[in-house]
Amino acid sequence: MNMFVSAAVTAATPAIAMTRADEAPVIDNEAVLARVEQIIDFLRTRYVREGWKMDEQGAALTLEYFRRRGSRPSIQG
């Protein structure tokens, strides 16, 4: 049940803040990281098809990249 609650919270948090048309969008790196973590967790814990396995090295590299990016302040696109 907690997964559904956290998924709803993550889905409700925009990764790109809405701005005026004359302003560049602001990318929320923490929200992006939360979504990437959710996707990887989902793929790790669900049946995809027979014989399918998560590329754990690729997943680890992806998480490392987005964690580094998420530790930076939000940037304008």
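## Contacts along the chain

Among contacts (heavy atoms within 4.5 Å) between residues at least 6 apart in sequence, 54% join residues at least 24 apart. The model is predicted: local features need pLDDT of at least 70, side-chain atom pairs count only at pLDDT 80 or more, and totals for chains, interfaces and linings use all residues. Residues are numbered from 1 along each chain as its sequence is written, and side-chain values use heavy atoms, leaving out hydrogens and water.

## Elements and surface

The chain contains three helices and three strands, which are DSSP runs numbered from the N terminus (helices: H or I, at least four residues; strands: E, at least two). Their order from the N terminus is α-β-β-α-α-β.

Of the 77 residues in the chain, 16% are buried; buried means under 20% relative accessible area, exposed over 50%, and partly exposed in between (1.4 Å probe, protein chains only). The chain exposes about 6000 Å², of which carbon and sulfur atoms supply 59%. These areas come from the Shrake-Rupley method with a 1.4 Å probe; for residues, only the protein chains shown count as cover.

## Helix α3

Helix α3 covers residues 56-70, 15 residues in total. From its first C-alpha to its last it reaches 20 Å, close to the 21 Å expected at 1.5 Å a residue (1.5 Å times one less than the number of residues).

Which residues of α3 are buried? They are Ala-59, Leu-63 and Gly-70. These residues cover an arc of only 30° around the axis, so they lie on the same side of α3; the arc is that of the directions from the helix axis to the C-beta atoms. The buried residues of α3 pack against α2 (29-45), whereas the face turned away from the buried side carries the exposed residues Gln-57 and Leu-61.
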